[in-house]
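Here's a quick tour for anyone meeting this structure for the first time. Have a look at it first, and then we'll walk through a few spots together.

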Amino acid sequence: MALSKHTFFTHHLKTLAKPHYLRRPQPPPPSFISLRLLSFATPEEAAAERRKRKRRLRIEPPLSSLRQQNQPRPTTPQNPSSANNPNAPKIPETVSVLTGNRLNLHNKILKLIRENDLEEAALYTRHSVYSNCRPTIFTCNAVMAAQLRQSRYSDLLSLHRFITQAGVAANIVTHNLLLTAYMDCRKTDMAMEHYKQLINNAPFNPSPTTYRILIKGLVDNNKIDRALELKEEMLSKGFSADPIVYSYLMSGQAKGSNADGVFELYEELKEKMGGYISDGVVYGSLMKGYFLRGMEKEAMESYEEAVGENSKIKMSAVAFNYVLDALSKNGKFDEALKLFDRMLNEHDPPKRLTVNLGSFNVMVDGYCALGRFKDAIDVFNSMGEKRCRPDTLSYNNLIEQLCKNDLLGDAEDLYKDMGEKGVSPDEFTFVLLMDTCFKENRPDDAAAYFKTMVDAKLRPNLGVYNRLVDGLVKVGKVDEAKSFFDLMMGKLRMNDDSYKFMMNSLFEIGKHDEVLKIVDRMLREDPADFTDELQEFIREALRKEGRDEELTKLIDDIEREKKEAAAAEAEAAERAKASARAAVSSLINSPKLFGNKEPEEQSTTAGEAANSNDDVKQAVPEQEVSAQEIAADASSAGEGAEAENLVATEARSDGAV
């Protein structure tokens, strides 16, 4: 309730009339009286007003935001063509969008990844793209990173293509995952082409991790010159000298036995770092350079400088691995064992990480190089004690060493262990086991491994298939080879040599009819594979048995069948068109379409009949007058020809409707 002006001034005068020693110190009067405090009779009304304001703010923006929108903003010069271009690259979302339902979706997909259910995680991500809860690019990156860890490159590329077509803007992590997949698949040209597109079209710059991925991939694929050029490009773009990049380059130079290149890169990095390198990631490659020059003393001095008791060099797990590799490959495996034991003792996650999966792989290689395979298997099995989980590459590394040394039984035990630990074998795993089974005169097991590989939806190439068929034919199992030929005929793009080998094997055991069946399937499914050279090869083999005319007859019969099928298809199409025209004509002439109503206006000779039906005709709107009624009116006026044209026009329009 508002105070009246008279009450307010009376109270103020009484206060001034009191002696100063009776008056309490009062705060200075406000310059205005807040009407909001005096606008409501009860607290309930004030609460109702607050709720009303909150509801209004959910719908309408506050006045402050409207004032900010009305203020002119400083405009930045931009390309007018890109501003209106719908194909311009989109700005990726920030991490602030990962809230609410999108965060719940992200956590649900992460749970599927932790449960190693990548198929369901990828499918869930695809379905969510077109739902009311669209996944963020961070969710998509998590799924693609999990696929990359398990070497599921085809699934990764498929998911990336899907989210790109769906309009999910990629960030730099997405591009890095794609570059890693290309490099792992040894597609360096595609990786560099994607890097050029990233430089030219992306709304952000590459990160140091991008250059690490590219340079490491180029070094691993023996393209050290291109890697050096990319390093110079990285420095020209304003990036600081990265010790990890230099370690990759130094390792590549050491791999190529170029000790001078190793020391040149080390001196260049040292100069750019101000004369001192505190990161120990380069010391392993530096030791390899000294070993290449035969300077063992200097190499061990670098070793003491890096890992000595009073060393100030920062050694990570990767840095230790480089040193371990340098020692084990240059006759210092005992020192490598001591260093590995020290790494195990100092490993205290998450405070200090001195061991990772690469550490165990290096030690496994060192043991295998000395022929100590039992110790290698023991070290491999001890990974779980340090919370390291072997991946497919680690299993393949040890399985390859065992298969080369005729230890197929131990290799098969590791293969079974992969299934128990949820690690998916790849094509290389099955090929190693298949080739070793053929070497051990176990063709049935080799064929079983190939069959398991195909059932797992892996994609063996033509070389693997040729080795399988060749191994089965050599031991006289032509029928089994023929069954795999039929299985892979529609999945592989076979060349003439593959066809000739299988057909020649069938000719040798007198199964000419099987060859003719293969020709029949080729002509029906993919006639382009039936080349002139292959046709002449088959004709020559059949001529020896006096059956060359059967091939000619088979080709003529298939050509005739194709022509008859084409003619029958054309005839069926004509019949379908005629049936459609007949259906339209019957629909046009049907009284159900136009009705059978009497016209509202009759000629003077039928006036009485029109008067008797006035009530019915008034209920029919003028728009429903049929085409026949219009023709009747026109013909009664002497316009018969024009009426027929009008009927035809109305019929065509109604038929189209």
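## A first look around

Let's start with T174, which sits in helix α9, the run covering residues 172–184. Keep in mind that this is a predicted model.

Is T174 buried or exposed? With a relative accessible area of 1%, T174 is buried, because anything under 20% counts as buried. Its side chain makes a polar contact with the side chain of N171, at 2.9 Å. Looking past the neighbours within four places in sequence, you'll find T174 in contact with I137, N141, M144 and H160.

Now for the nonpolar core. The largest one has 158 residues, and M503 and I538 are the members that touch the most others. Which helix gives this core its largest share? That's helix α7 (residues 137–149), which puts in eight residues.

What does M503 touch? If you skip residues up to four places away in sequence, the list is V515, I518, V519, M522, L534, F537 and I538.

On to the cysteines. How many disulfides does the structure hold? The count is zero. Take C403: it is in no disulfide, and the nearest cysteine sulfur, which belongs to C437, is 8.2 Å away.

| Span | Distance between end C-alpha atoms | Helix | Strand |
|---|---|---|---|
| Residues 207–241 | 13 Å | 74% helix | 0% strand |
| Residues 391–425 | 9 Å | 74% helix | 0% strand |

Finally, how confident is the predictor? The protein averages a pLDDT of 81, and 79% of the residues score at least 70. Over residues 1–25, though, the pLDDT is below 50, and this stretch has seven contacts in the model beyond near neighbours in sequence. Residues 65–78 also stay under 50, and there the model has two contacts beyond four places in sequence.

Technical notes. Residues numbered from 1 in each chain as written. Predicted model: local features only at pLDDT ≥ 70, side-chain atom pairs only at ≥ 80, totals over all residues. Heavy atoms only, no water. Core = buried A, V, L, I, M, F, W, Y, C linked by side-chain atoms within 4.5 Å. Buried < 20%, exposed > 50% of the residue type's maximum accessible area, 1.4 Å probe, protein only. Helix = DSSP H or I, 4+ residues; strand = E, 2+ residues; numbered from the N terminus. Contact = heavy atoms within 4.5 Å. Polar contact = N/O pair within 3.5 Å; in protein donor to acceptor, adjacent residues only side chain to side chain. Disulfide = S-S within 2.5 Å. pLDDT = per-residue confidence, 0-100.
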